[in-house]
Each structure stands twice: as C-alpha cells, then as structure tokens.
Amino acid sequence: MPGPTPVTVAVRRIAGRDLPCRAARALVARPAESGDAAYPVVAFGHGFLQRPWRYRSLLTRIAAAGYLVVAPGGQSGPLPRHGRLADDLRRALDWARRAQPGAGHVPAALVGHSMGAGAALLAATAGPDVAAVVAMSALDTRPSCRAGLAGIAVPVRYVVGSLDTVVPPSRSRDLYAASPPTAEWANIQGGGHCGFLDSTFPRGFGCGGATLDRAVQVELAARLIVDWLDRACRGAEAGPAPDGVLLEARAP
C-alpha cells in the first residue's frame with residue numbers, strides 16, 4: 001500500500017439535480033495537493049442507519065492512496081431504499097467526473113459496507129463504467145442484486161469479519177457464490193460488523209461480536225480495498241495477504 005499523502009476531507013452540499021440524496025450532502029475525500037493529476041473516483045455506500053462521516057478513517061486512507069472518494073449521505077434513515085442508494089452511487093461517480101479536477105478520464109470503482117455493499121453490487125449490475133467493486137459485509141438488497149451478479153463484468157472483492165453476527169459471513173458468501181469467477185473472498189480474522197467504522201449509530205448497538213481492535217480492522221480493510229483498486233485501476237501487481245486475513249480466489 002503506498003505511503004500516505006495529505007488528504008482534504010469535506011462534507012459538501014451538492015446540487016440536488018446532480019446527487020438527489022437527503023440534504024444533497026456527501027463526504028468528499030481527495031489528495032490535498034491534487035494539481036492537474038488524474039485520480040480514480042471511488043463512490044462509497046454506507047451501512048444501515050450510518051452516515052458517511054462515520055467512515056472517515058477508512059475513506060481518508062483510501063484517498064491517501066491516491067483516490068477521490070465520494071460518499072453520498074442519503075438513505076440513512078430507518079426505511080432506506082436500496083435502489084435509490086445504488087442510484088446515488090452512480091450519480092456520485094457522474095458528479096465527480098464532471099465537477100472534480102482530474103476525475104473525468106480515469107477508471108472508477110464502487111465500494112460499500114453492509115447495505116451499502118449491496119447497493120454497490122446493485123449499481124454494478126446496472127453496468128456503470130467502473131473497473132472494480134469492493135463489498136464489505138455485503139447484504140442483499142431489495143430489489144435483490146443476486147440475479148444480476150453473474151453479469152458483473154468487473155472483479156469484485158468481498159471483505160468480511162469472521163465474527164460478524166449482524167451480517168454473518170455466510171450471508172455474504174451466498175452473494176460471492178453467485179458472482180463471476182473473478183471474484184475474491186477476504187476474511188478478516190476476529191473482525192466484526194462495525195469494525196469498518198470509527199463509530200456507529202446508535203452507539204455500538206447491533207454491532208455483534210468482534211475481538212479485533214477497531215483501528216486494526218479499519219487498517220486491514222483499507223489495505224484490502226486499495227490493493228484491489230490498484231490492481232483494477234492502475235494495473236498493479238497483487239499484494240500479499242495482510243497478516244490476519246485469509247484470502248480465497250476462484251480460478252477463472
């Protein structure tokens with residue numbers, strides 16, 4: 001994983017016509033000294049009842065590796081619509097490519113957690129111009145993304161915590177099994193459902209089990225995400241599995 005670079009983080013209000021999510025707000029994280037450099041765009045989908053800024057540590061680590069991250073803040077209430085979150089992710093990519101310097105002519109990717117992972121997969125089934133998907137503790141959506149998974153034309157990495165009792169790995173495993181042979185499985189040993197966030201709402205409720213320190217899980221997740229994106233967006237060689245992570249790949 002490349003050394004960290006300074007990162008600019010902002011919670012921006014975006015015109016509703018460009019990103020029609022609740023309050024039209026999104027977290028945007030990007031390398032601070034961007035100049036005219038072209039950075040791949042990553043649209044990030046949050047989990048149930050969470051807001052993008054609760055993933056600040058994870059998202060800034062991705063940005064520090066040379067990515068422009070846009071995390072829309074809609075569908076964070078108790079009755080989210082997964083299809084709308086998937087639409088927000090696609091619109092976030094479109095907005096970044098139009099409005100952010102250097103983002104218009106480089107690969108893009110979709111990343112998400114829990115229902116946001118399902119929304120990222122759902123967005124990918126619609127065929128947006130992306131190079132890769134990373135789905136953490138992926139949960140199926142309503143409407144279901146499962147039927148379209150086999151048609152996803154880009155590599156997908158599933159990341160789970162071995163002790164997640166909110167979305168047990170077996171549930172994500174069902175989606176992995178329905179994905180193309182290029183998909184890969186990464187199991188963070190001792191990780192839990194909420195270990196991808198800095199904090200959760202309501203405070204720790206519904207997080208289930210974990211033995212791994214939250215900061216360690218965030219760091220491992222960031223390494224797994226950046227490794228996958230670097231391979232797909234920049235043609236980098238695959239890195240070794242971090243200590244504490246079990247990787248599994250199916251032969252194409």
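## Contacts along the chain

Where contacts (heavy atoms within 4.5 Å) join residues at least 6 apart in the sequence of the chain, 70% of them join residues at least 24 apart. This is a predicted model, in which local features need pLDDT of at least 70 and side-chain atom pairs count only at pLDDT 80 or more, while totals for chains, interfaces and linings use all residues. Residues are numbered from 1 along each chain as its sequence is written, and side-chain values use heavy atoms, with hydrogens and water left out.

## Helices and strands

The chain has five helices and nine strands, where helices (H or I, at least four residues) and strands (E, at least two) are DSSP runs numbered from the N terminus. Read from the N terminus on, the order of these elements is β-β-β-α-β-α-β-α-β-β-α-β-α-β.

## Burial

Of the 252 residues in the chain, 53% are buried, a term that means under 20% relative accessible area with a 1.4 Å probe and protein chains only.

## Backbone details in two loops

In the loop between strand 5 (108–113) and helix 3 (115–125) lies Ser114, whose phi is near 60°, a positive value in a residue other than glycine. Ser114 is buried, with a relative accessible area of 4%.

The loop between strand 6 (132–136) and strand 7 (156–161) holds Pro143, which is joined to Arg142 by a cis peptide bond with omega about 5°. Ser137 is also placed in the loop between strand 6 and strand 7, and its phi, near 50°, is positive in a residue other than glycine. Ser137 counts as buried, at 0% relative accessibility.

Technical notes. Buried < 20%, exposed > 50% of the residue type's maximum accessible area, 1.4 Å probe, protein only.
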